[in-house]
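Thanks for coming. I have one model to go through, and I will start with a term before turning to the parts.

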Amino acid sequence: MATLHAQLLERLAAAVLPHFPEANIQLSPTANPQFGDYQTNVAMTLAKAARRNPREVAAGIVARFVSDALTAPPEIAGAGFINFRLLPEALHAAFARLAVDPRLGVNTPARQKQYVIDFSSPNVAKPMHVGHIRSTILGDALARIAEYLGHRVVRDNHIGDWGTQFGMLLHGWKTVLNRDALQADPLAEMERVYKLISAQTRENPAVLTAVRQELVLLQNGDVTNQALWQEMIRLSQNQFDTIYGRLGVRFDVSLGESFYNPWLRDIVEELRANGLARESEGAICVFSDHTLPEKEDPFLIKDENGWRDNPALIQKSDGAANYTTTDLATLRYRLDTWSPDEIIYVTDGRQQQHFRQLFAIQQRWKPHTSVKLAHVWFGSILGDDGKPFKTRSGETIKLTDLLDEAVERAGALVLAKNPDLPELEAREIGRIIGLGSVKYADLLPNRQSDYVFSWEKMLSLQGNTALYLQYSYVRIRSIFRKLEGTWSATDSILPFTEIAEINLARKLLQFGEVLPGILDDHRPNLLANYLYELASLFHSFFEACPVLKAGGESREVRLRLCDTTSRILKTGLDLLGIGVPEKM
RNA sequence: GCGUUCGUAGCUCAACUGGAUAGAGCGCCGCCCUCCGAAGGCGGAGGUUGUGGGUUCGACCCCCGCCGAACGCACCA
């Protein structure tokens, strides 16, 4: 079923393209209802290119436009906008179709794509903290949206299970480990050990030597160290799985960095053989090939003497590989295994240069591989005071504690509002809205903004929060509980009588229109915005239009509006990884 | 110093990527439960979008210069 937007766009294209084959036609919902339902600025952009009067161009388009029972004749306004007003009959018919559409107006894609989404990526032996929540929740939401749109998705957790920190951990494990503490909270104890040894290495060169020896032993396959390392991974994975279980996040593969170790040497050799990489100061590096403008070249950097090299290291002077090498091996593995159309990396913004270099190396290495590589980055975490949230200071808030607190606060609130509710039920509702609040607060801001962490904001249950959306859903469910007998929508066409009904219906019809763009731009916050606006329009409708007490066709129309709203709210929240209770 | 990302209401953030009168939440001031859930709704105050230029029918958005912030700038990931 074509959306109203798609139908309108088709008619518009028929009026524009014969005269302007190169036109890039954009049709967007109007911000202000006084201008109708949809608008296009195509006449103005065309007029600019052709040096013609925009209103004349618009007049020509309008004259050729065949509205065909969909809209009133389009109107030209302002500098050359063309505004379209849907005919009530068209809106009624579109809504009647939507009300019985199990896909909620979301079309299956012209071509099904394969995505690989790399997100969360915690480190072994470190507790997950608030910093991990953005990657985890953003990645999960993108994966859910892609799947709902009909694409295939591989969710890949690239776990940090390799690197120099294991020298410290192994030395600490053998010298300062507290077994009881390890049993009680493995990650907390491993973190303590790591910090302790890290401090010791700075003061005592002998410790540094010991740490290096442990690392060499591990890398050379020493049985004892390998076993301890495996144990650290196992203990860490247990706690990761607990958190993912609570968050409702799942992965298709969890391949740690160590998985790619066998290929690292080959990668370096291949890049050297291709002439992509060469030795410099003992390290193996990729330098600029000077095919890009200097400003866009990730392998160049400007200083007071002009442009100089900013190479990507793929092998350190001590012969060891680094993260660029691992990422290249990972990239190759993913391409070979899944042949993805797009790989999405969800990490914080500090890695922008790294990914720019990585993507550029891939482009030079395999120029004929048509994969889209996207670095979906997000801002860093700030404390309440607006200063950077330092992990070293020991003030990191652990993710587990955050979730506990959110669920506890929400549960207390539910009980306060509904003293008669059985405690078990109140706790379950608290779990749903507590976790939902944390996720929603995290998804709502533009992901590139810095993240100001605050309990107040994160756990606020008023205003634009998950709870507001969940409350809309609960209100609707309450109506259907009171409705006697079963009810289901039919596709008969019925009229709207109130402006609140029309506003709500128009918003509902936009669900299928906005979703694909949200995936393309990797911006789940736009879905959060959409759902908030939908809930807001529903609340207005709810105040203005009695449902069960309405008679005849009005009652049927309003039941359909309620039902469709609840389905889109539930589905939309699910795409953000947020659940809905039936009561609260 | 150079690069990246930013600077929007008292605070926290949006703004469909160049479109019409810059919108929400929190906080503040008023109203609305004899009516489907008031965890809600309706209304009000609050803005020279850091600043100075430029580009054009039109700029929070693009270009240039300042001021300020965070992050990054080859052997950590």
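A residue is called buried if 20 or more other C-beta atoms lie within 10 Å of its own, exposed if 12 or fewer, and partly exposed in between, with C-beta atoms placed from the backbone. Glu-342 is partly exposed because it has 18 C-beta neighbours inside 10 Å.

Some bookkeeping. This is a predicted model, in which local features need pLDDT of at least 70 and side-chain atom pairs count only at pLDDT 80 or more, while totals for chains, interfaces and linings use all residues. Residues are numbered from 1 along each chain as its sequence is written, and chains are lettered from A and ligands numbered from 1 in the order in which they are written. Helices (H or I, at least four residues) and strands (E, at least two) are DSSP runs, numbered from the N terminus.

Back to Glu-342, which is found in strand E12. What does Glu-342 contact, leaving aside its neighbours within four places in sequence? Contact means C-beta atoms, placed from the backbone, within 7 Å. The partners are Lys-113, Tyr-115, Val-371, Lys-372 and Ala-374.

Now the sheet. Strands pair if DSSP finds at least two bridges between them. E12 belongs to an open sheet of 4 strands, in the order E6-E5-E12-E13, with parallel pairing. E6 (152-156) and E13 (372-378) are the edge strands, each pairing on one side only. Neighbouring strands of this sheet are turned by 20° against each other on average, direction ignored. For angles, axes are lines fitted to C-alpha atoms, for helices over the stretch in contact, and values run from 0 to 180 degrees between N-to-C directions. E5 and E12 pair in the parallel sense over 4 bridges, and Ile-117 stands opposite Ile-344 in E12. Helix H13 lies across E12 and E13, and runs at about 180° to E13.

Next, helix H12, residues 323-338. Its 16 residues reach 22 Å from first C-alpha to last, close to the 22 Å expected at 1.5 Å a residue; the expected span is 1.5 Å times one less than the number of residues. Buried residues of H12 include Thr-324, Leu-328, Leu-331 and Arg-334. Their cover includes E5, H11, E11, E12 and H13. Just after H12, Ser-339 takes a positive phi of about 45°.

Last, RNA strand B. Near means a C-beta atom, placed from the backbone, within 6 Å. Of the 82 residues around RNA strand B, Met-44, Ala-79, Lys-316, Asn-446 and Gly-463 come nearest. Helix H17 (residues 466-482) gives the largest share of that surface, 8 residues.

Note on methods
Two residues are in contact if their C-beta atoms, placed from the backbone, lie within 7 Å.
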